[in-house]
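Welcome to this short tour of a protein complex.

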Amino acid sequence: MTEVDLAAVGVCALPLCAAVANGVNALTGERLYGHVAVARVGVGAVLAAFALSLYVAAMMVLRPGTREVTVYRFIASGDFSVDFGFLLDPLSVVMMLVVTGISALVTHFSVNYMHNELGFTRYFTVVPLFVFAMLVLVMADNYLVMFLGWEGVGVCSYLLIGFYRERPASAQAATKAFVMNRVGDAGLLVAMFLLVIHTGGLRYDEVLPQASSLPRGVVEAVGLLLLLGATGKSAQLPLGTWLARAMEGPTPSSALMHAATMVTAGVYLVVRSSPIYDAAPSALIVVGVVGAATALYGQLVGYAQTDVKGMLAASTTAQLGLMFLFCGLGLYAVAIFHLVAHAFYKTYLFLTAPSILHHLHGGADPTAVSRPADTARLLGTAALAVAAGLLAAPLVGRVLQPGRDGGLTGNLWVVLALGVIAIFAAVLSARRMTAVAFAGHAGHTGDEGHGDAPSHPADQASRPRTARLVAPLCVLAGLVALGFATEVLPGGLPGSWFQRLLDPSAVGSDAVPLGNPALATLFTAMIALLLLSGWFGPRYLDRFRAELPAETRPAGERRLYWAALNGGYLDEYYARAILAPTMALGRALESFDKAVLDRPFPPLAVPQPAGWETRFLAVRSAHAAGATALAEPPERLDWLTGGPADGVPVAQDQPAGAVPRTAAGRRASAWSERSSDRGGMVGVLANSVPRLAERIERSFFQRGEGQGVIAAVANAFARLAERIERVFFQRGEGQGVIAAVASAFARLVERIERVFFQSLDTGVAKMTGIIAGITDAVEGAVFQRGVERGVSSAAAGAQRALLAVERRLGQPPVIASILALALAALIVGTR
Amino acid sequence: MSEITAAEQVGFPILSMLVFLPVVTMVALGFIRSDRALRRVGLAGAGAVLGLSLLLVADFDRGTADFQFAEQIPWIESMGLSYHLAVDGVSVLFIPLTALLVVVVMLSSWSSVRHQPKVYLMAVLTFETAAIGVFTAVDLILFFVFWELMLIPTYVLIKVWGNGPLRGRAALRYVLSMLLGSAALLVGFVLLGVSYRSAPGSGGGLSFDLPVLMDSPVPLGTQTAVFFLLAFAFALKAPLFPFHAWLPAALLEGPIGMAVFLAGLKMGVFGFLRFVLPLVPDAFAAWSWLVAVLGIVAVLYGALIALVQPDLRRLLAFASVSHVGLAMLGLSSLNAAGLQGSLFLILNLGLVMTGMLLAAGYVYQRVGSTDLAALGGLAQRTPALATFVLVASLAAVGLPGTSGFPGEFLILLGAFRAHGWLPAVAVTTVILAAAAVLVFFERAFHGPVRNPTVLAASDLRPREAVTAAILGVMIIAMGFFPAAVLDYSRASVDDLVDRLDSSTTVATED
């Protein structure tokens, strides 16, 4: 590895080390080192990463070219193998600079902002972890490692949105963000599978050059699936609704992730995969359409928001939409430029938002605040100026240097229009923000749970010193000014320095795919719509604000305002159309599981004698010698539950078929209790043998009493057999051989019917009963012995012995010696 | 299939020692009276097994597909039975996994199991012997003996130390299901052993030796019969949909120590890899579509039901059903990625399910329930426990950077290669699993505290923290360095895939 390679690895490794150190500190209850050190570790690592990125970037400028750094073999199976490696080309270096630069500022800012929070160490664990993951995302040299970072930033976002653990809203928002992102991730995964199958690998330098030679269907599918992933991460339609609620997290982390860096990952993905999109024009059109639709949606929603962070979130959505629109037009370099510019601009707005709010909320305490309006106005004006300046840049550049437009003359108006929209969006949202702030909660009607201030009440009690808050803001403003200065050159347009810098990665950006007149019309319409909405949206919507009396306008016209305020009801739609049916399906499957798949087992619910069993017992008692037998005290059931073994044989000497019937009935009903507890496996196994005896009685002498069709047929058969027997053999009903066989058959069939068609809760037990019945029938018929003698009594003896063994299970030396003996026997037996 | 003997590799019968060391420890426990000493001796025994298993892994030769550390002693020669132990790339990592789980179970039950600790430890050690025996036996009947031996400690553990009121019934369910499968398994094995008579070079004798049987072709008809018998047995054990009904009951009613083994050691999937694929490859290839469909159904079925479970242990049971479905989908793809992915996934489940179930146990000890109705706001009181649960949850979701991802990725990759677009249905598990697990995490650990017992909950105690740290670090390490794990199974799986390919071509030529 060369020094540059090592520096690149260090850029990644430093934040990771900081995260691990702070994480261990947090988990050990912050016993290792205190908050000051925690902050130093976090900020220091990110600053160092930024410095190293600058070094890498400088080396990149001095010696242009693409570098690849392989760290280790990540995964390998069969002929599929992927390394954990970094790709250093202009695109990734620009992203590295943005990520580490913004992160350094935000972490530094956070030291003061978070200083009173309970989860201070947790915050300074997650933010460096996020920086690490984001760097892996932008530096990876293949899709798989990129995906590692992609999910890593998702987890960090999840952790930071849910940072305020005690608030249910933030936990819900976190889960929602993660799950909606997973929808996109599923698309990304499938895209990767397609790429592996059709190109054999996932490295950018393997996959991307092959893009043009892939089958058109595959490459379009890959393009759309990658876009699905990008829409999740970058909060585009239709997956974008999580972003608005992601503002539940601490404001600096919102600035870092949900405005400046993480949400731009989707744009990065699309630009990185530009060769795929160049080979997939239809997918590229979808990219543009999604971007334009989201930009429109974001603007509309943004105008109606009543709290600062909500406005900023909507504005981020809109700006990201614009980036996708640029990509859709093939202007990848412009998209990246806008990404960089937007990162600074939005971070600035986010970091000033709490400052403004601090002043406003501090205003309630007149002694604590000095001249809040002046500072706030200063900050607000700065925000406005910076916004306007930055986003006007492409336009200004266009005007100042008209001769440098390369191959873009035909679409100059496209870029111009986009620039105008961007200015509208930025200026309007900034104006709205400051307006809300200065109007003294003008819009703060229903957002107390959603705004920034309530999220950290402790912060208001001891506000950080203004100077330390403003310092990083000034640095940011300086950076922005620098950007402004360089932006006299057109940002990212063909021929500009930015375009030349990005050249090796942002391929094919000169080719604007507007050849198709229908498509051109479509985009024109969209842009016109965006323009109109930018101009009329706020004017129109303002008239329908919730605070105004309802009768000023017809209800129908207020609907647009309400729709915008509620994010187009997309969340409600998803909840109704996707979430609810999925949950309903889950519940339906669960009841299926309980009703059908659990059926052959002893029930897990409290045993309730089933209807047939009650009837069975009633019939039984009527037939039995004395109905009072049922009323016997039930202590004899003990033997069934592994209790006293002396109750095992019931009336051994009595002829089968007389009194034991009642006992059999009771045993049958006691099946569920028996299996419930304390019997032990040995006991249950032993129990099953005497149960054979009961079964034969039922099988032989019980009249059919089933109601089902099969049972009726079987009973008819049984009756027929009995009649034959009576006629031919002159024997009493139910006594002859044929009757016995037929009746057994009837029983069997009835049992099958019960097992399959009725709510038989002890299916397996009955099945063993059937087998038992057959065995006993054989014994009774062939050997002409009493049921409880013969095999049954032998089994009873065995059972007693086994129960005795089981009772001794509590005495381990006995088991140990038994097992040792068995083992010895096994060993001796083998010799 | 050739093999390398233990004498050549380490000079002593390491596998027999691994199998019988727990039994020796168990016997020793019988003579100890003090509870404290009991737990120490038990842990020492389990630790020794773990150390020995790490030695095994260290000496394992990753470059060959042969069986290694083999030991063979004739048992009943007239029936071709022998005491034959050996490991290859498929099985080797399960031994340290089992040993680790036993250590973790002992540590986590240190203070929570107070009723008859001696018998508890003995049962756990018996289970360890049986489980290591299952992973190392390459004689079919010897395998069957160990397979059956597992039932006894499992039954006793659920029945006596279960914490649900219906543990007896859950234990009975488990045993009945397993016995049903065992019957099929034995018949399948005997069929295989008998069909060896007619194989060339058998000399008319029986054989139940896996390496021998692997090299002797079996007629397709027999293969199909054996496939269904074995598949039934292993699907019951795995458990694959629709044979999973015993698992939620056992997890909900049984003790955490046992649940860890039931949900963590996917012996059913291992059985498929160990016996079904190598022994009846043509039948498996012919019916792989059925396995794939059942796998995909199980993936969605488990995930959808898990989504609506308010109880963590039932949720885990159905998540487990979903994971097994995914593993079966990997097997059905019959390519290296799918098979190695399945193997990786079930190894990962050993860590993840153990972690989640231990966490469930910790929650249960503190709050007295794992049901959402009693939880909420736990993270405020128990941040370390919450972190541990989150790491394990993310691994269960299959997040890159945790051990859950490589297996899932390779399985789906293999499945897409083998089955075209069909596995796209299974990819939705990425979303459903995340929703199921994270919604539970959100409601149980975040939000306001609703239950006063939560307020009194203490964070992880040192011994619990050690187990959590071991599992957490391993989950992340396996997520960042999957190649290190995959290398162990690489040679064996490649060899298996070659066999599958060649036998399929032979079958089609026939």
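Let's begin at Pro74(B), which lies in strand 2 (residues 67-76) of chain B. Helices and strands here are DSSP runs, H or I over at least four residues for helices and E over at least two for strands, numbered from the N terminus. This is a predicted model, in which local features need pLDDT of at least 70 and side-chain atom pairs count only at pLDDT 80 or more, while totals for chains, interfaces and linings use all residues. Residues are numbered from 1 along each chain as its sequence is written, and chains are lettered from A and ligands numbered from 1 in the order in which they are written.

- Pro74(B) is exposed, because 12 other C-beta atoms lie within 10 Å. The cut-offs are 20 or more other C-beta atoms within 10 Å for buried, 12 or fewer for exposed, and partly exposed in between, with C-beta atoms placed from the backbone.
- From Pro74(B) to His446(B) there are 372 residues in sequence and 60 Å in space, C-alpha to C-alpha.
- Phe69(B) is also placed in strand 2 of chain B, but Phe69(B) is buried, with 29 other C-beta atoms within 10 Å.

**Backbone angles to look up**
- Most residues other than glycine have a negative phi, and most peptide bonds are trans.
- Phe69(B) has a positive phi, near 55°.
- Glu30(A) has a positive phi near 55° too, and its place is the loop between helix 1 (3-27) and helix 2 (35-62) of chain A.
- A cis peptide bond, with omega about 0°, joins Leu237(A) and Pro238(A).
- In chain B, a cis peptide bond joins Phe241(B) and Pro242(B), again with omega about 0°; Pro242(B) is in the loop between helix 10 (220-237) and helix 11 of chain B.

- How many of the residues of helix 11 of chain B are buried? The count is 8 of its 8 residues, and Trp246(B) and Glu253(B) are among them.
- The cover over these buried residues includes helix 7 (151-161), helix 8 (167-195), helix 12 and helix 16 (312-333) of chain B.
- Helix 11 (residues 246-253) and helix 12 (residues 256-264) of chain B pack at about 155°, with axes 8 Å apart. The two helices are therefore roughly antiparallel, a label for angles over 145 degrees.
- Leu247(B), Ala250(B) and Leu251(B) of helix 11 meet Ala259(B), Leu262(B) and Ala263(B) of helix 12 in this contact. Residues are in contact if their C-beta atoms, placed from the backbone, lie within 7 Å.

**Where the chains meet**
- In all, 60 residues of chain A are in contact with 62 residues of chain B.
- Helix 6 of chain A gives the largest share of chain A's side, 15 residues.
- That side divides into 34 nonpolar, 14 polar and 12 charged residues. Nonpolar means Ala, Val, Leu, Ile, Met, Phe, Trp, Tyr, Cys and Pro, charged means Asp, Glu, Lys and Arg, and polar means the others, Gly among them.

**How confident is the predictor?**
- The complex is given an ipTM of 0.92 and a pTM of 0.76.
- Chain B has a mean pLDDT of 88, and 98% of its residues reach 70 or more; pLDDT is the predictor's confidence in each residue, from 0 to 100.
- Over residues 506-510 of chain B, pLDDT stays under 50. Where pLDDT is low, the predicted coordinates should not be read in detail.

Notes:
Axes fitted to C-alpha atoms, helices over the stretch in contact; angles between N-to-C directions. Parallel < 35°, antiparallel > 145°, perpendicular 65-115°, else oblique. Contact = placed C-beta atoms within 7 Å.
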